[in-house]
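Let's take a friendly walk through a protein model. Keep the 3D view open and look for each residue as it comes up.

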Amino acid sequence: MATCVAKEERWEVRPGRSLYVRRQRTSSDENVMAQVLMVHGSCASSRQYDAMIESFGNKCSLEFIVYDLYGCAESRVVHPKWGDFSTEQMSLDLEALMERIISEKSCAPQLFVVAHSFAPNLVIRTLSLRKNQHLCDAIKGVVFLSSALGDGPFKNSVTKNGGLPLFTLPT
């Protein structure tokens with residue numbers, strides 16, 4: 001196994017909402033080139049990214065941050081309520097998670113987000129809010145894998161009929 005041992009934690013992202021978070025580096029180097037936040041889809045697990053993380057091996061110095069959505073896999077919920085699993089609540093969790101990552105002193109100079117299945121919807125919803133412009137500024141790029149985007153979170157979205165948005169980021 002080429003990657004370093006993972007650090008597993010529970011983060012209370014908002015009052016009463018605790019998420020399983022795993023941080024895994026591809027080298028023992030303290031100075032990573034970039035951090036990669038990986039967001040899984042609904043009813044899934046952060047473990048789905050293990051093979052992808054492993055494939056990076058020691059090719060470059062990255063820190064992967066993966067987490068389980070509220071109520072999924074290791075982010076177990078004891079007494080769930082129906083509204084706990086709404087897209088809005090999941091988006092607020094992601095926002096709080098991103099806030100914590102970018103506020104850390106150890107934050108790498110570059111942060112990328114990888115999202116799969118339903119997760120691109122959460123990422124777009126979270127980053128498109130005007131109050132989250134600072135999060136957009138902190139993220140250098142996003143990657144959507146097998147997106148399950150419908151019309152997106154807004155009327156007249158660029159993601160009509162489940163298509164992927166095509167755009168370029170300024171460099």
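This report looks at aromatic rings, cysteines, a helix and one alanine.

Please keep in mind that the model is predicted. How many aromatic pairs does the count come to? The count comes to two aromatic pairs, listed in the table.

| Pair | Distance of ring centres | Angle of planes | Kind |
|---|---|---|---|
| F56 and F64 | 5.3 Å | 55° | tilted |
| Y70 and F85 | 5.8 Å | 35° | tilted |

Y70 and F85 lie in the loop between β4 and α2, so this pair ties together parts that are 15 residues apart in sequence. Y70 is buried, at 9% relative accessible area, while F85 is partly exposed at 35%. In the other pair, F64 is buried at 1% and F56 is partly exposed at 29%.

Charges also meet rings here. R17 lies over the face of Y70, 3.7 Å from the ring centre. The charged end of R100 sits over the ring of W11, at 3.9 Å from its centre.

The structure holds zero disulfides.

Helix α2 covers residues 87–103 and spans 24 Å, close to the expected 24 Å. Among its buried residues are M90, L94 and I101.

Finally, find A119 in helix α3. A119 is buried, with a relative accessible area of 0%, and touches V39, H40 and G41.

Key: Residues are numbered from 1 along each chain as its sequence is written. This is a predicted model: local features need pLDDT of at least 70, side-chain atom pairs count only at pLDDT 80 or more; totals for chains, interfaces and linings use all residues. Side-chain values use heavy atoms; hydrogens and water are left out. Helices (H or I, at least four residues) and strands (E, at least two) are DSSP runs, numbered from the N terminus. The expected span of a helix is 1.5 Å times one less than its number of residues. Buried means under 20% relative accessible area, exposed over 50%, partly exposed in between (1.4 Å probe, protein chains only). A disulfide is a pair of cysteine sulfur atoms within 2.5 Å. Contact means heavy atoms within 4.5 Å. Rings of Phe, Tyr and Trp (its six-membered ring) pair if their centres lie within 6.5 Å; planes under 30 degrees apart count as stacked, over 60 as edge-to-face and the rest as tilted. A charge sits over a ring if NZ of Lys or CZ of Arg is within 6 Å of the ring centre and within 35 degrees of the ring normal. Lists of a residue's contacts leave out its neighbours within four places in sequence.
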